[in-house]
Amino acid sequence: MRRILTKLGRGVLTVWLIVTFTFVALNLSGDSIDALVGDQASPEVIAHYREKFGLDRPLWQQYLSYLAGIAQGDFGLSLSDQRPAVELIAGALPHTLRLGLTAFVVGLLLGVSLGIVAALNRNKAVDRLVMSFAVLGFSLPNFFLGILLILLFALHWRLLPSSGDATAWHLILPAVTLGTHFAGTFARFTRSTMLDVLNKQYVVAARAKGVPRPRRVLWHALPNASIPLITIVGLKLGDLVAGSIIVETVFAVPGVGRLLVNAVTSRDFALVQAILIMVSITMVGANLAVDAVYVLIDPRMRARAAER
Amino acid sequence: MGIGWPIRRADDAPVRAEARYPVLVLVALAILAVIVAIFLFADWLAPYDYRAQSLLKRLKPPSFLGGPPEHLFGTDELGRDVLSRLIYAIRFSVLVALGGTLIGALIGTALGFLAAHFRGMVEEVIMMMADVQASLPFMVIALAMIAMFGGGFMLFVALMGFYGWEVFARLTRGVVIAANTQGYATAVVALGAPARHVYWRHVLPNILSVLIVQFTLNFPQVILLETSLSFLGLGIRPPLTSLGQMLGAGRAYLTTAWWIAVLPGTAIFLTTMSISILGDWLRDRLDPTLQSR
């Protein structure tokens, strides 16, 4: 229990630090009003906007109201289209979640099954083929893979749509692009943890007592091999977020990633900081969740947690 | 294991020449040699100025696809020679990635030494900063910084240098704390040498190999980061070029001139793949616990 509280405390501290860094960096970077109205604007216009965004008050007041606003989920208005930043993010989030989850599931299923196949056929041709795919998976930059897929499937063979996410068909190319990277990583890790586990006494014992191979692999070995995999899932979540920024841009998916890129391009600070803070809260939350899952699925961890 | 089926041990296996240097590793080495040569000798290798436009010769296909013989990889939307642009793009991308990784390694190593030397509050603050940076995907941090501080070239290189410092800091701190408790460091301190001397002459040479391995791990990451951001139009911008910038700009001409995007993409892929093949091979050889795989 104490460990969980400590982790929670560190998580909150991390988010607070990021919020504060954002505030400091925003103030260091100069007046965002200049970027909005341009240098031709009259002093009255500038004063109007300064008042509207609360930039005429002392810095500590701005900081406090900034913190209070964030605590209530108010990240301010998007500078470019005057709607609340949260509203824009909420509109984009379903697109990102749909793409991200599909890609993640595709990557996980493909990667884990390829990893198992490779481990069972260690050092044979199949193993080498799978491992080549894995290296390919995480060496191919996702923006290049996306462009290759568009070139072949959308422009050359005209099989699949290349932009948007209106139907499930639209989702195939972006999800494969995003998922390939994870499939590669998961295949490698599954192979190596499976190799560890397959040599353990309890798997040998299962074999000795005549448990058939599929059951031995899926029932005795896989659950134990999956424990280190969960750590990898947690670590790879950041890659999923970073990857979706690129993939959404390549395939014109109207998600949070593309929103962020557009906000950076138009220097829409309110939107950028809102997304930054939202991502940091998500990441901290996800890492806590991974810790919790650890305790839930590993009886040894559960016993240790109960002792404290 | 007391069970009697044959277990093949690594040291029993006859070592063949091809096992020492697998074909893939040799291919990776060859590709990296070409990249290094292009990086060093771009000025001699490029047939044209990478910025020279020729509007009469726009979007010409590569020579081997029926294009003009004087442009091996064809021309882009402004009639610039794609081969020359590719050569300079490789130079800029490698330069930025090298600079970025080096800056990150230096900052991280220095902070790691500071944390290990002072412990206490200094260590707490440095490690907390490392935690914060590690908790966010760097892509998001980078985009936020670009939004706030703009996209100048030097600023961008500094941003690349910001990547991965926390890994070097953690690594260095750990190894230095471990080294400080070891006999040789204690002995030198007991002999009256200043801490600076111990770190510089005794600890650093001992942890250098770990740092170099980390450098090879970070380098392709920084290449991917730079090319991703440049691809989005937020990293290296025209008139300069990089592999990502070329790919991003070529995207608009996929239907008519796919080579503009595919050639730099292939270059990025070959570079990152070669480094990871080589890195894997090196780690397998250096790490005795992985010998059996």
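How many residues does the contact take from chain B and how many from chain A?

## Contact between the chains

In this predicted model, the contact takes 39 residues from chain A and 34 residues from chain B. On the side of chain B that touches chain A, at least two residues are supplied by each of α4 (120–135), α5 (138–149), α9 (195–231) and α11 (259–286) of chain B. Divided by class, the residues of that side of chain B are 24 nonpolar, 7 polar and 3 charged.

## Domains of chain A

For chain A, the domain assignment gives domain 1 (2–71) and domain 2 (91–267 + 277–307), and the C-alpha centres of these two domains of chain A lie 36 Å apart. Their contact takes 10 residues from domain 1 of chain A and 7 residues from domain 2 of chain A. Of the side of domain 1 of chain A that touches domain 2 of chain A, the largest share, 8 residues, comes from α1(A), and by class this side has 6 nonpolar, 3 polar and 1 charged residues.

## Packing of α1(A) with α12(A)

Helix α1 (residues 2–28) of chain A packs with helix α12 (residues 269–297) of chain A at an angle of about 165°, their axes being 10 Å apart. Because angles over 145 degrees count as roughly antiparallel, α1(A) and α12(A) are therefore roughly antiparallel to each other, and their crossing is right-handed.

Among the residues that make the contact are L8(A), G11(A), V15(A) and I18(A) of α1(A), together with L276(A), I277(A), S280(A) and V284(A) of α12(A). By class, the contact of α1(A) with α12(A) has 11 nonpolar, 5 polar and 2 charged residues.

Definitions and conventions: Residues numbered from 1 in each chain as written. Chains lettered and ligands numbered in written order. Predicted model: local features only at pLDDT ≥ 70, side-chain atom pairs only at ≥ 80, totals over all residues. Axes fitted to C-alpha atoms, helices over the stretch in contact; angles between N-to-C directions. Helix = DSSP H or I, 4+ residues; strand = E, 2+ residues; numbered from the N terminus. Parallel < 35°, antiparallel > 145°, perpendicular 65-115°, else oblique. Left-handed = near helix turned anticlockwise from the far one by under 90°. Contact = placed C-beta atoms within 7 Å. Nonpolar A, V, L, I, M, F, W, Y, C, P; charged D, E, K, R; others polar. Domains from an automatic or database assignment.
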